[in-house]
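Here are my notes from going through this one. Have the viewer open as you read.

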Amino acid sequence: MTEILDNEVPPPPPATTDPSGKAADGTGRTYNGWTQNSTLEDYSLRYAPKSFRRWTPYVVATTALGGIAYLADFAIGGSIAISYGFGSAMVAIAAAAVVIFLTGIPISYYSAKYSIDMDLLTRGAGFGYLGSTLTSVIYASFTFIFFALEGSIMAQALELGLNIPLPVSYLIASLIILPLVIYGMTALSKMQVWTQPIWLVLMVAPFISIAIQEPEKFSKFTHFAGNSPTGSSVSLISVGAGAGVALSLIAQIGEQVDYLRFMPDKTPENSRSWWASVLSAGPGWVVLGGAKQIGGAFLAFYIAGSVGLSKANEPIQQYVSGFKTFAAPVALGLATFFVILSQIKINSTNAYSGSLSWSNFFSRLTHRHPGRVVYIFLNVGIALALMEGGVFGFLNTVLGFYSNVAIAWIGAVVADLVINKPLGLSPSYIEFKRAHLYNFNPVGFGSMLIASAVSIVAYFNAFGDYGKAFSPFIALFLAMVLSPLFAKLTKGKYYIARTEDLDEPLFTEDGLLSAAVLTCTVCTDEFERPDVALCPFHSGPICSLCCSLESACHDSCKTGGGASGPVDLDSPKVRTAG
Ligand SMILES: [Zn+2]
Ligand SMILES: [Zn+2]
C-alpha cells in the first residue's frame with residue numbers, strides 16, 4: 001500500500017528518523033532498501049505511529065474504498081446464480097454479506113484503534129507470535145487465489161478483445177503486473193485517481209441502459225433458474241453452498257484494515273466521523289461488494305441466452321453485452337479497456353499484499369528479509385500456475401473450500417475481540433510484539449485448527465449434504481465457541497509471556513497509546529512507544545522489527561532468568577501515566 005497511500009492521500013509529514021536507516025556507530029543493524037522503505041515509510045510490518053497518521057478519517061476511508069474496484073464480484077455473483085438459481089443466490093449473497101459485515105466491525109475497530117494490520121491483530125487476538133504465521137499463509141493464499149481469478153478475468157478480455165490465446169493471455173495478465181509492483185505503483189495510483197469516476201460510470205451504465213430500454217428484464221431475472229435442479233426458488237442447501245462461495249471474500253477485511261490502521265486517534269471531537277469512516281471503509285466494503293455480486297448475477301441472466309450458461313459468468317462477456325445496449329459499435333473495445341483497467345489495479349494490490357504476507361511469514365520463521373521482490377515472484381508464480389490450471393472453471397469449488405479456513409481464522413479473532421475481551425478472559429489491549437507474546441496461544445490458534453479441520457471434513461461430505469453446504473458456518477460457530485472455552489480453560493495464561501517493563505508507560509492518561517519516542521538500541525532509529533520493548537539481550541529498548549529479526553537471543557527475555565513467566569490476567573499488566 002506504500003505507493004497508493006503516498007499518492008492518494010496528502011504527503012506524509014517529513015520523516016523524523018534518519019532516512020539512511022544506518023546505525024550511527026556502524027555496528028547496529030542496517031536495513032536494505034526495501035526493508036528501509038517498508039519500515040520507515042508505510043510501517044508495513046509494524047505499528048503505524050501517531051506522527052505518521054495525519055490524515056482525516058474521511059480521507060483514509062475514501063482511499064480504502066477506492067481499492068475495491070474489481071470484477072471478481074461479478075464472476076462470483078454470476079456463478080452463484082447460474083449454479084443455484086435466482087432465489088437461493090440472492091439469499092446466499094445477502095447471508096454472506098451479513099456475516100462479513102458483522103465480523104468486519106470489531107476487526108476494523110481494533111485495527112484502527114491500535115494502528116495495526118490484520119497480522120499483528122491476529123497475533124494479539126489469541127494466536128500468539130508464531131501462531132499467526134499460519135494465518136499469514138491463509139491471507140497470502142487469499143491474495144494469490146484472487147490474483148488468479150482476477151487475472152483469468154483479464155485474460156478472458158485479452159482473448160475476446162485482442163484474439164490472444166488464453167494460455168498466452170494468462171502469462172500476459174501475470175507479467176504485466178510485475179513491473180508495476182516491483183518498481184512501485186506511482187503512475188498506476190495517479191491513473192487510479194482520475195480513472196475512478198470513469199470506472200464507476202462504466203460499471204453502472206449497462207444497468208441504467210437496460211432499465212430504460214428493457215425494464216421487463218428485471219422481473220424476468222427473478223425467474224432465472226440457471227443450472228439449478230430446484231429452479232429459481234429458494235432451497236436451503238443451495239443457499240448454504242452459494243453463501244460458502246461468497247464467504248471466501250471474508251479475508252478482504254485484511255486489505256481494508258491495511259488502510260484503516262492509518263486512522264487518526266479517536267477523540268471526543270472526531271468521534272462521529274471516526275466511527276462513520278471505520279464502518280464504511282471497513283465492513284462497509286461488502287455493501288458495494290454484495291451489490292456487485294447481485295449485478296453480476298443479473299448480467300449473467302441477461303446474457304445467458306446469447307452466450308450460454310458456461311460463459312455467462314465472465315465479466316468481459318457481461319460487459320460487452322451490457323455496453324452493446326447503448327454503444328454497440330465500440331462495445332467490445334470499451335469492455336476490453338474497462339476489464340483490463342480494473343484488473344491491473346486490483347492485481348497490483350493483490351501482488352503487493354501477498355508479498356507482504358509472505359515477508360511476514362518468512363521473517364518470523366527464518367529471521368531474514370530477502371526483500372519483497374522474491375515474494376512477488378512467489379505469489380505471482382503460484383497464481384499463474386492456478387490460472388494455467390484453469391482455476392476460473394472451478395471457481396465455486398476453490399472459493400467454497402477456501403471459505404472453511406478463512407472463516408475459522410476470522411471467527412477465532414472476532415470471538416477474542418467481542419467475547420473474551422469483554423469477559424476479561426483476554427487482555428484489554430492488543431499486544432503484537434514478539435518480546436511479550438508466547439509463540440503459540442491455544443485460544444485462537446487451537447480454535448482455528450479444530451474449526452477448520454471439522455469444517456473441511458464436513459465440506460468433503462462427512463456429515464451429509466447439509467453439513468457440506470453449511471461447512472463455513474460450522475467453522476464460524478466452532479471458532480466462536482471454542483475461543484472463549486479455551487480462554488477459560490487456560491485462564492488466559494498464554495496471551496502475555498512477559499509484562500511491559502519499560503519506564504515509559506504504554507498508555508497516556510486519556511487511555512490513548514503513548515506517542516513518546518524511544519531509540520532502538522539495535523538499529524538506532526526512533527520509534528513510538530507502542531512499537532518498542534525492553535530487551536534484556538541488548539540491554540535497552542528494541543523496536544518490534546529488530547526484535548523479530550533477532551536470531552541470537554533465543555527468546556531469552558521470555559525463557560531465561562529475566563522472564564516473569566506466564567501472566568495472570570488479574571495481575572496488573574499495563575501501567576498508565578498519572
Ligand atoms: Zn530497531
Ligand atoms: Zn527478547
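**Notes on the predicted model**

1. Strand 3 (residues 532-535) and strand 4 (residues 540-543) run antiparallel and are joined by four bridges. Four residues lie between the two strands, and Ser 539 has a positive phi near 50 degrees.

2. Next, the metal. Which residues hold the zinc ion (ligand 1) as protein donors? They are Cys 520, Cys 523, Cys 543 and Cys 546, each through SG, at 2.3 to 2.4 Å. Angles between the four donor atoms run from 100 to 122 degrees, so the arrangement is tetrahedral. The spacing of the donor residues in sequence is C-x2-C-x19-C-x2-C. Cys 520, in the loop between strand 1 (517-519) and strand 2 (526-528), and Cys 543, in strand 4, are 23 residues apart. Both Cys 520 and Cys 543 are buried.

3. On to charges: the whole structure has 13 salt bridges. One of them pairs Arg 364 with Asp 119 at 3.2 Å, N to O. Arg 364 belongs to helix 16 (residues 331-366) and Asp 119 to helix 5 (residues 118-127), so this pair ties together parts 245 residues apart in sequence. Arg 364 counts as buried at 2% relative accessibility, and Asp 119 is buried too, at 9%.

4. Finally, have a look at the salt-bridge network that links Glu 431, Lys 433, Glu 500 and Arg 529. Within it, Glu 500 and Arg 529 meet at 2.6 Å, N to O. Arg 529 is buried at 1% relative accessibility, and Glu 500 counts as buried at 10%. Lys 433 and Glu 431 pair at 3.3 Å between their closest N and O atoms, and both are buried.

Conventions
Residues numbered from 1 in each chain as written. Chains lettered and ligands numbered in written order. Predicted model: local features only at pLDDT ≥ 70, side-chain atom pairs only at ≥ 80, totals over all residues. Heavy atoms only, no water. Pairing = 2+ DSSP bridges. Donors = N, O, S within 2.8 Å, 3.2 Å for Na, K, Ca; no water. Tetrahedral: all angles 85-135°; square planar, octahedral: opposite > 155°, others 65-115°. Buried < 20%, exposed > 50% of the residue type's maximum accessible area, 1.4 Å probe, protein only. Salt bridge = Lys/Arg side-chain N within 4 Å of Asp/Glu carboxyl O.
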